[in-house]
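Look at the structure below and read along with the report.

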Amino acid sequence: MKSLSKVQFILLFTSIGFLFPILAWLIELGKTGEEYSIYWLLNAHYNNPSLIVINLIPVVFFVISYIIANRKEEIKEKFNTVEDQLSNQAEILNRVTYFAEKIGKGHYDIDFQATNKSDVLGNTLENLRKKLYDNKQKEYLQNWEMVGKDKINEILRRHNDINLLSYDVLKALIEYLNVVQGVIYIYNEEKDVLYISSAYAYDRQKFLKDEVKVGEGLVGQAAIEKDIVYRVEIPEDYFSITSGILGEKKPDSILVVPLLMEEKLQGVFEFASIRHFKTHEIEFSKNIAEIVAQTIYNLKITEKTERLLKESQKMTQELRENEEELRQNAEEMRMTQEELEKTNINLEEKVEEVNRSQKKLHSLLENASELILIYDKDKELKYVSPSAKNIIGFSEEEIFERKDSSKINKKGYEDINNMLDSLLNRPEKHQRIEYSYMSKDGNILFLESIGHNLLHNPAINGLLLNINDITERKRAEKEQRMRGRMQTLSDNSPDVIIRLDLNKKIFYANPVIEKYSKFKANEFNNKKLKDVSLQKEITDIIDKLIDIAKEKQSEFKKVKEQIQFFHDEETKIFDVNAIPEYNDEEALETILFIIHDITELKKIEQVIKEKNEKITDSINYALRLQNAILPNQKSFKRLFNDSFMFYLPKDIVSGDFPWVYEKGDDIYVAAIDFTGHGVPGAMLSLIGYFLMNQIVSEPEDYKPSEVLNFLHKGVQKTLKQDEDEASARDGMDVALCKINKKKNTLQFSGAHRPLYHIRNGELTEYKGTRKAIGGIPKEGIKEPEFKNYVLDIQENDAIYIFSDGLPDQFGGPEGRKYFPKRIKQGIVDNNDKPMNEIYSYFKNDYYQWLGDYKSIDDVLLIGIRF
C-alpha cells in the first residue's frame, strides 16, 4: 500500500478534527429544537462556551498532524542516509580487503588511496605498505653493498702490489657500479701530485703517464677538499666516451671520490657514467674508498719498510768495513786521553786553589761592613760586591737589573751622577756624598758614598765607590737635635714638666714648677720625689702613677689623670699626663709628667654647657612644633591601613620630612629631603611644608609634576635665588604621589627621587627627573621639565618612596654605602609580608648595617600597600 504524502496526511488528519465541532453543533441543535442559522450558531456559542474549545480541535489536529508529518519525513531521511553510509562502508571494506591481500603477497606497487582522513584502516594499510616497501628497499641496498664489499675485500686480500691491486679493484668497481670508465690515482706525498695507477676503458697509452697536481681540475679539487665531487653538468673540455654502440659521447655524470685514511690523502677514484649515479652508489663508493685507502696506506708502509731494511743492511755492511779503521783510531785516542788526564789533574789542583782564594775573598766581601760598586768610564755599573744583600737587601743580580732603581729618590740620583762626573773630571780628588735609600724590606737607610777614580789601575779600571750604612749615626744625631729642641720647648712651656725614673729620682724639672714649690727648677735635679717641696696633690699623683708603672713595666701605657687643689685663692684643676720612655732594649726607663692647668678651660666648658642646654631646649621646642605639623604613623595608617613610615632624623630635628594632604578623593603623599639636617634643615623643611600646602589647597586640580614646578619657583622666590646677588644654593629632592583610591590611579613625579612599584613580586622603578627643587638658576642652561607618570593600581600592589639618607649611609663590613640595590632586594624578598613587618626588617637592617659608623643624614622611607 502506497503511503500518504505529507500534505495528504495533514489534510486527512485535519478533516477528522473538523468532525468534532460539526458533531457538537448537531447535538446542540438537537437539544434546542431550533433551525440552523448564523444567529443560532453565535447564540449557541455564547450560551455554551465549551463549543469554542471544541472549535479549536481542528487546529490542534492540524498542528499535531504537521508535527507528525515532519518527524516522519526526518526519520525517512535519516534512514536513507544510514543506508547510503552502510553501502559506502561495504565498498570501502571490499577495496581495503583487496589491497590487504595484494600487499600480503608482496605487490607493494598496487594503486590504492584512502578515501579520506577518517578512513583509519585504509590509512593504516597505506602506511604499512610504505614501511614494508622501504624495508624491502633498505634490505636490498644493504645486501647489494655487502656483496660489493666482499668482492673488493677479496681482491685486496690477494694483492701486495699497488698497481696490480689498483687495476683489479677498478675493474671490479666499474662492473659492479655499471659505469663505463674509471681511473685510480695514487698520491705521491713527496712530490704532492696524483699519478695514474690504473685506468679502465681509456686510451691507456694516452693517459697512463699523466700526473695531476693537488687542487687542479675535478680530481685535484676532490683531493684538496678531501670530499666527493659529483657532477652531472660536464665541462666542455672533459673527455668523450667512445664505443661501437654509442659512438663518441660525453658522459652524463662524473663521480670523483678521494681515498682518505684518517683524513690523510692516499689517492682518488674517478668514474664516468652515461647515467646519473644513485645515492646508494655514491655512498658505497665512499665506503669502498676508505677500505682501499687503508690497504694502499698499509702497502706504502710495507714498501717503505722494505726499502729502509735494504738501506739498513747496506749501511751495516759499510760499518763493518769501517770498524777496523775505527778500532785503530780508538787506540790512538786512548793514549791521547791518558796524557790529557794527567794534565787535567795538575790543572784541577791549580783551579781548586784559585777557587779557595775566590771563596775566601767572596766571604770577606759578603760579610764586609761596606758595599763596593765599580762603574766604567761611561758610568755603567760593572761590579757589585756580595755585601749588597746584607746592607741594602738586594742581591748583585737585582742591582744589575736595576730592580732597586725606585728605592733612591730624585736628589739621590742627581748626587750620585754628579759625583761620578766629578770623579771623571777631577780624577786626583776623591768625592763624598750622603743620600737616603729604601731597603728591600721597606726600611729607610742613610748611606755615605766615598768615590775614587781608579781608571788608571789595571786591576780596577773603573770608578770605585765605597758605600757605608750611616743610618744609626744619623739617628743618633737626630735624637741629639731633638733632645736639644725638647729642652728648649720644655723650658718655655706653660705646663709643669718633670722627668723621673722608676725609683722616683728626678732628672729634669722645667721653670714652671717653681710656682708650686719653694725650690728652684735646677734644685730638683737628682733629688728623690719625697725630698722636694712640691704641692701635695702633685706629689701624690706622681707617686701613685710611678708605682703603677713599676708593676706593669713594658705594659705601662700613657695615662691621663685629673687633680684639683686650692692655689692663689682659687681652686685649680690640672690634667696630669704620664708618658713612658723606653731605652734601646725596650725596657721602661723614665716617665715624663706633663701637668697642664685646665682651670680656665673648665670655666669655658661650663659656660658652653649652659648655652648648649638652652639651645637644646629651643631645638626640642622646634621638634614639638615640627611633630605637630607633620603626619605620624597613626594618621598615616588612617589613610592607608597597610603602610609604614621609617623616619629617623640624624639630629633632634630633621631636614627630611613626610608630607600628606587630602583633597576630595585625592591623597597627596611625599617624601621630601631638604638640603642639610638638624636646625638648618628643619627651618628649610617648614618652607617646603607651607609652600606644598599652599599650592595643593588651590582650587585647580594639579598633577604632581605641576605641583613640583610651582614648588620649584616658590622655593627660589622665598630664598631669593632668582635675584642677581643670590647666594643661598639650598634646595630639596622630592618624591610626590597623587593617589585616588576610588579610581585606583596613582600619579608620580620626582625631583632626583624615584618611586618603586611592586606587583606580583616584580619591581618596577620610575626614576625622578634629574632636577632639584630650588637652587640658583644656571644662566643660558634650560632646566628640564618634571616628568609625570600615571599608573593603574591593583589590589595588593605596593609603592615605596624615600630620601637619600638610607641609600647613602656608610656601614657594613667593608664600610660601603647602603645603596638603592639593597633597598630593592629587601622589598622583593619581603613582599609577601605585612607592611609592619617590612618596617621592622628595614629598621633592624639599617641599625645592623650602621654598626659602629655614625649616621650621616636623616632617613625617611615610606611604604604603602593597596
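His567 touches Lys515, Tyr516, Gln535 and Lys572, leaving out residues up to four places away in sequence. Contact here means heavy atoms within 4.5 Å. His567 sits in strand 16 (residues 559-567). Helices (H or I, at least four residues) and strands (E, at least two) are DSSP runs, numbered from the N terminus. His567 counts as buried because its relative accessibility is 15%. Buried means under 20% relative accessible area, exposed over 50%, and partly exposed in between (1.4 Å probe, protein chains only).

This is a predicted model, in which local features need pLDDT of at least 70, side-chain atom pairs count only at pLDDT 80 or more, and totals for chains, interfaces and linings use all residues. Residues are numbered from 1 along each chain as its sequence is written, and side-chain values use heavy atoms, with hydrogens and water left out.

**The whole chain**

The chain has 866 residues, and 37% of them count as buried. Its secondary structure comes to 20 helices and 31 strands. Take the contacts between residues at least 6 apart in sequence: 56% of them join residues at least 24 apart.

Val229 lies in strand 4 (residues 229-231). With a relative accessible area of 7%, Val229 is buried. Which residues does Val229 contact, leaving aside neighbours within four places in sequence? They are Leu218, Gln221, Ala222, Ile254, Leu255 and Val256. Val229 and Val219 are 10 residues apart in sequence, and their C-alpha atoms are 8.2 Å apart in space.

Thr295 belongs to helix 9. At 15% relative accessibility, Thr295 is buried too. Beyond its neighbours within four places in sequence, Thr295 is in contact with Leu156 and Leu165.

**Positive phi angles**

Most residues other than glycine have a negative phi. Glu262 has a positive phi of about 55 degrees, although it is not a glycine. Glu262 lies in the loop between strand 7 and strand 8. Is Glu262 buried or exposed? Its relative accessibility is 73%, so Glu262 counts as exposed.

Asn526 has a positive phi as well, near 65 degrees, and is a residue other than glycine. Asn526 is placed in the loop between strand 15 (506-509) and helix 14 (536-552). At 53% relative accessibility, Asn526 counts as exposed.

**Two helices and their lengths**

The expected span of a helix is 1.5 Å times one less than its number of residues. The table sets two helices against that rule.

| Helix | Residues | Number of residues | Expected span | Span between end C-alpha atoms |
|---|---|---|---|---|
| Helix 1 | 6-32 | 27 residues | 39 Å | 41 Å |

Just after helix 1 comes Gly33, with a positive phi of about 70 degrees. In helix 18, the buried residues include Pro704, Val707, Leu708, Leu711 and Val715. Lys720 follows helix 18, and its phi is positive, near 55 degrees.

**A helix pair**

The axes of helix 19 (residues 819-829) and helix 20 (residues 835-850) come within 11 Å and cross at roughly 145 degrees. Axes are lines fitted to C-alpha atoms, for helices over the stretch in contact, and angles run from 0 to 180 degrees between N-to-C directions. Arg822, Ile823, Gly826 and Ile827 in helix 19 meet Tyr841, Phe842, Asp845 and Trp849 in helix 20.

**The nonpolar cores**

Nonpolar side chains tend to be buried together in soluble globular proteins. A nonpolar core is a set of buried Ala, Val, Leu, Ile, Met, Phe, Trp, Tyr and Cys residues joined through side-chain atoms within 4.5 Å. The largest one has 31 residues, of which Ile152, Val169, Leu173, Phe269, Phe271 and Val292 touch the most other members. Elements that give this core two or more residues include helix 5 (120-158), strand 1 (181-188) and helix 9 (279-366). Which helix gives the largest share of this core? Helix 6 does, with nine residues.

Leu173 touches Ile152, Asn178, Phe269, Phe271, Phe284 and Ile288, not counting residues up to four places away in sequence. Another core, of 29 residues, lies apart from the largest one, and Leu529, Val576, Leu588 and Ile591 are among its members.
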